[in-house]
Every structure is written in structure tokens, then in C-alpha cells.
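Biologist: I would like to learn how to read a protein model one feature at a time. Could we take a chain and go through it together?

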Amino acid sequence: MTRNRGRIPLREQVYDSLRRDLATGVIVPTERLGEERLAEAYGVSRTPVREALARLQADGLVERLSDGLYPYRPRLDELDHLYELRIVLEARGIQRARPEHAHDMDLVRAELDTWRALRDNPPEPGPALVAADERFHTALLAAAGNAALADALDAVHVRVRPVRTLDMPTPERIATMTAEHIAIAEHLLSGAVDAALAALIAHIDTSRAHVLARAQHALLLTKLGRAVRD
């Protein structure tokens, strides 16, 4: 870590780095956040790490379990509720693609071009794929002309991301996700709003099923790991 990044205090640098690494999946969601190990990784003392972890816990991005601090992972019922909120937010964005609203179709075209390119050169599973998926959905909401909807979706993404980064989709699932993104964008650009909405909801429901299954698996592994330690 660079210690002299302008006049930014070291504790802020550590906080920003930890927050970024949590958000991008660099730090595995099942990994205990030990102060000593993190201090060594970031090349700092334990004090700024301790302060950063306290702030991240207050932000809701870190949680304290019986054996220490861990990246926040939503519970199964909360995950389901977050996906329900996604449907409400994103469906409203699609519904705004009507003559009475000024929809920024250039944003939609840009995402369509991106995912057509990914269809030809499929991405690897991992944080970069999750980020690209999130950008697609946020861009569609931004195109709807209501920044508050896009901001709300970003907040949902932050809370769901720790579980999504655990997932390792197969090439077939990546191809399906890519095709679904393309279909949603094409429907929207052609003015087939109802078809776009139906495709969007089906797409999110499929994602919800995969994420809930992955979360259940991760929960089982966590319980088994604790049982072994005990």
C-alpha cells in the first residue's frame, strides 16, 4: 500500500483498500478478517486495520461472529428479500421505457454491444463477471432517467455481492446469462417493453435460485468447518 497518497490519512487508505477488496471479492467471503494478517498484507500496523474494520462493521460490510470478524454475508431469507427488491426496482426501470419518459437508449446500446462481444469471447467466472453483470443492470436503470432507482440497485448489489463472488458458474450458465442480457436489451431497443420486462424478471428469478443454492452450500460448509474446529 502507498503510504503517501496525497494527504489522505493512513486509516482512510486502509479503509478504502479493505472496502474495495471486500467489494470485488479479493477477500474471500468465508475468510476471517484477522488484524495481524491484514496488517501484513497492507504493509501497515494493526491500529489502522482495527479502525478500518470498525468502520466497515458500522457500514454493515463486516460482521462479528463467534470466532471473529468476517465479510458480511446476507442470510437466506434476507437474500430472497433482496432479490425481490431487485425485481421491484428493475421492473420499474423497464416500465419507464414509455413515450412519456425520456429513456437513454444509448446506454442500452452500449451494454448490448458489450454483451454481444462477451458472447463471442465468453468471460471467466469470478469478480469481473459479477461486476459486468451488475453494470448491465445498473445501466438499464440509469437509462430509465431515475438516478434514485440506480442508486438503490447499487446498494442491493453491495449486499448480495459477497455471496455472488462465491459462485463459479459453468460455461453453459455464463452463455445463458449472456443470451438473456442480449435479449433484454434487444427487446427494450425494439420497443417491446412487455417482452423486455418478462425476460428481465425470468432472468433475475434464475439468478436468485442459483445464488440461494450457493448460499445454502456455503452455509453448510461454514457449519461443518466450525464443527471440525470445535
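Biologist: How many helices and strands does the secondary structure of the chain come to?

Modeller: Helices (H or I, at least four residues) and strands (E, at least two) are DSSP runs, numbered from the N terminus. Here the chain has 9 helices and 2 strands. Read from the N terminus, the order of the elements is α-α-α-β-β-α-α-α-α-α-α. The model is predicted, so local features need pLDDT of at least 70 and side-chain atom pairs count only at pLDDT 80 or more, while totals for chains, interfaces and linings use all residues. Residues are numbered from 1 along each chain as its sequence is written, and side-chain values use heavy atoms, with hydrogens and water left out.

Biologist: What share of the residues in the chain is buried?

Modeller: Buried means under 20% relative accessible area, exposed over 50%, and partly exposed in between (1.4 Å probe, protein chains only). Of the 230 residues in the chain, 45% are buried. Accessible areas come from the Shrake-Rupley method with a 1.4 Å probe, and for residues only the protein chains shown count as cover. The chain has an accessible surface of about 12,000 Å², and carbon and sulfur atoms hold 54% of that.

Biologist: Please show me the classes on single residues. Is Glu-134 buried or exposed?

Modeller: Glu-134, in helix H6, counts as buried because its relative accessibility is 8%. Glu-180, in helix H8, is at 22% and therefore counts as partly exposed. Glu-36 sits in helix H2 (residues 35-42), and its 56% relative accessibility is why Glu-36 counts as exposed. Thr-206, in helix H9, has a relative accessible area of 34%, so Thr-206 is partly exposed.

Biologist: Which residues is Glu-134 in contact with, leaving aside its neighbours within four places in sequence?

Modeller: Contact means heavy atoms within 4.5 Å. With those neighbours left aside, Glu-134 is in contact with His-157, Arg-161 and Arg-164. For the whole chain, take the contacts with a separation of 6 or more: 72% of them join residues 24 or more positions apart.

Biologist: How many residues does the largest nonpolar core have?

Modeller: A nonpolar core is a set of buried Ala, Val, Leu, Ile, Met, Phe, Trp, Tyr and Cys residues joined through side-chain atoms within 4.5 Å. The largest one here has 39 residues, and Leu-79, Ile-94, Trp-115 and Leu-188 have the most contacts inside it. At least two residues of this core come from each of H4, helix H5 (105-120), H6, helix H7 (147-164), helix H8 (171-190) and helix H9 (193-229). H9 gives the most, with 8 residues. Another core lies apart from this one; it has 17 residues, including Leu-22, Ala-39, Leu-53 and Leu-56.

Biologist: What is the volume of the largest cavity?

Modeller: On a 1 Å grid over the protein atoms alone, a cavity is a set of points where a 1.4 Å probe fits but cannot get out, and a pocket is an open set with protein on both sides within 12 Å along at least five of seven lines; lining residues have an atom within 4 Å of a point. Grid points are joined across faces, edges and corners, and a volume is the space filled by probe spheres set on the points. There is 1 cavity of 30 Å³ or more, and the largest cavity is about 40 Å³ in volume. Its lining consists of Glu-90, Gly-93, Ile-94, His-137, Leu-140, Leu-141 and Leu-200.

Biologist: And which residues lie nearest the centre of the largest pocket?

Modeller: They are Arg-164, Asp-167, Arg-173, Met-177 and Ser-207, out of 18 lining residues. H6, H8 and H9 are the elements that give two or more residues to this lining. The volume of the largest pocket is about 310 Å³.
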